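Subject: A structure for you to look at

Hi there,

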Amino acid sequence: MATDEISRQHALDCDAERSVFQGQIFTEFVDVSLKSNNKNFADLVFAFSYGSGAFQQHGQKSTEGNVVDLILVVDDAETFHRLNLERNSKHYSSMKYLGPHLLASFQEKWGARVYFNTLVPYKHGLLKYGVISSSALVADLLDWEWMYISGRLHKPVMPLVLPHSSHPLRSALKHNLQNAMHTALLLLPDTFQEETLYQTLAGLSYSGDFRMSFGEDRNKVKNIVTPQIGKFRELYSSLWPGLAAYAEFNTSSGRCEQDTSPGARMFHLNLLPKQIQQTIVHEWNRDGRWQDVEDVFRAAAHDTECPELVKEAVQKTVKASSWTQSIKGIPTAGFVKAVRYGFAKINKFWKSLKKNPHDSE
């Protein structure tokens, strides 16, 4: 068997092992924490694991020892918190004394509409789980209202509970990937390599995130993409036929080509998520001469600075939600846990600088 085939098979075997292990973790978590009288009280609509606890990243020998990150999507946040407080009050900070109604209100009105319980001990280590309502997630997926959980879903995740085929989340999840592809193509030149596309897609949700300046591994995007090229290809492959008039991808060479004419840019601009469109229009009209969306996009499509306009709109959206969600995380985690979690992030950041000192220059 050829060396590259052995490597590919080893990667597949490792993925299968991680998938089984993540499934076991989730099953244990649900069985121990989220079930009462043999009934799953959480009524999870969708759940997934993400990050370095789910997938091995470049430079890591394994996922073992990493905090497992879970997102739990529920239809009724207040009911979730009421039942979870009865079963798992230790998962919460002193915020638990506010009661389920105020916890749900805090979740739904502040930050990126996610409530995280952090550094929760379980059989194999520590996990962090975020709770978001299905209505808030649909808004984020379709419009990039906060570009927070939607940004995590621009990258491969490990599904643990899939939404029902008739649930609005199903179509919203695909729409989110389409949003990402239109945005990425506006940022890229007329020719580029497959890995560059995936790094652009993966980097959207980190663009403007203040934590990338001092609280995250500086090589995070590359570390995510490099070992997961196949997963990114699988995630976005179904979108290429719908882009055939404007872009094409050669699977053999890994080379992508696209039309970057004003007409093509206009096509992508009109299909950007609402939050990004509104930000572009707002920034364009800062000189006080108001133009409507159609006029702004027509002008932007002919402007050589179009990619920069889109980039700035994404950065502003991410920056706002990353700040508000991080501030929100202090009371939900509790001071001690927030400090521990923050120091762990900063430690990763310093380690990445030591590996690549030229990146900090």
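Predicted model: local features only at pLDDT ≥ 70, side-chain atom pairs only at ≥ 80, totals over all residues.

Have a look at the five-stranded sheet to begin with. It is open, its strands come in the order E5-E6-E4-E3-E7, and the pairing is mixed. At its edges you will find strand E5 (114-122) and strand E7 (158-161), each of which pairs on one side only. On average, neighbouring strands in this sheet are turned by 25 degrees against each other, ignoring direction.

Now zoom in on E3 and E7, which are joined by three bridges and pair in the antiparallel sense. Which residue stands opposite phenylalanine 48? That is proline 159, in E7.

There is also an open sheet of three strands, with antiparallel pairing and the order E8-E10-E9. Here the edges are strand E8 (191-193) and strand E9 (247-250), and each pairs on one side only. From one strand to the next, the twist averages 20 degrees. Four bridges connect E9 with strand E10 (residues 255-258), again in the antiparallel sense.

**Charges**

How many salt bridges does a search of the whole structure find? The count is eight. One of them is formed by arginine 233 and glutamate 194, whose closest N and O atoms are 2.7 Å apart. This pair links distant parts of the chain, 39 residues apart: arginine 233 belongs to helix H10 (residues 229-236) and glutamate 194 to helix H7 (residues 194-203).

On the surface, a patch of negative charge is made by Asp43, Asp75, Asp76 and Glu78. Of these, aspartate 43 can be found in the loop between strand E2 (39-40) and strand E3 (44-50).

**Two backbone angles to check**

Most residues other than glycine have a negative phi. Arginine 113 has a positive one, near 65 degrees. Look for arginine 113 in the loop between helix H3 (100-109) and E5. Tryptophan 144 also has a positive phi, near 55 degrees, and it lies in the loop between helix H4 (134-143) and helix H5 (149-152).

Best wishes

Methods. Residues numbered from 1 in each chain as written. Heavy atoms only, no water. Patch = residues over 30% accessible without salt bridge, like charges linked within 9 Å, V, L, I, M, F, W, Y side chains within 5 Å. Areas by Shrake-Rupley, 256 points an atom, 1.4 Å probe, with all protein chains shown as cover. Salt bridge = Lys/Arg side-chain N within 4 Å of Asp/Glu carboxyl O. Lys, Arg positive; Asp, Glu negative; His and termini not counted. Charge placed at Lys NZ, Arg CZ, Asp CG, Glu CD. Helix = DSSP H or I, 4+ residues; strand = E, 2+ residues; numbered from the N terminus. Pairing = 2+ DSSP bridges. Axes fitted to C-alpha atoms, helices over the stretch in contact; angles between N-to-C directions.
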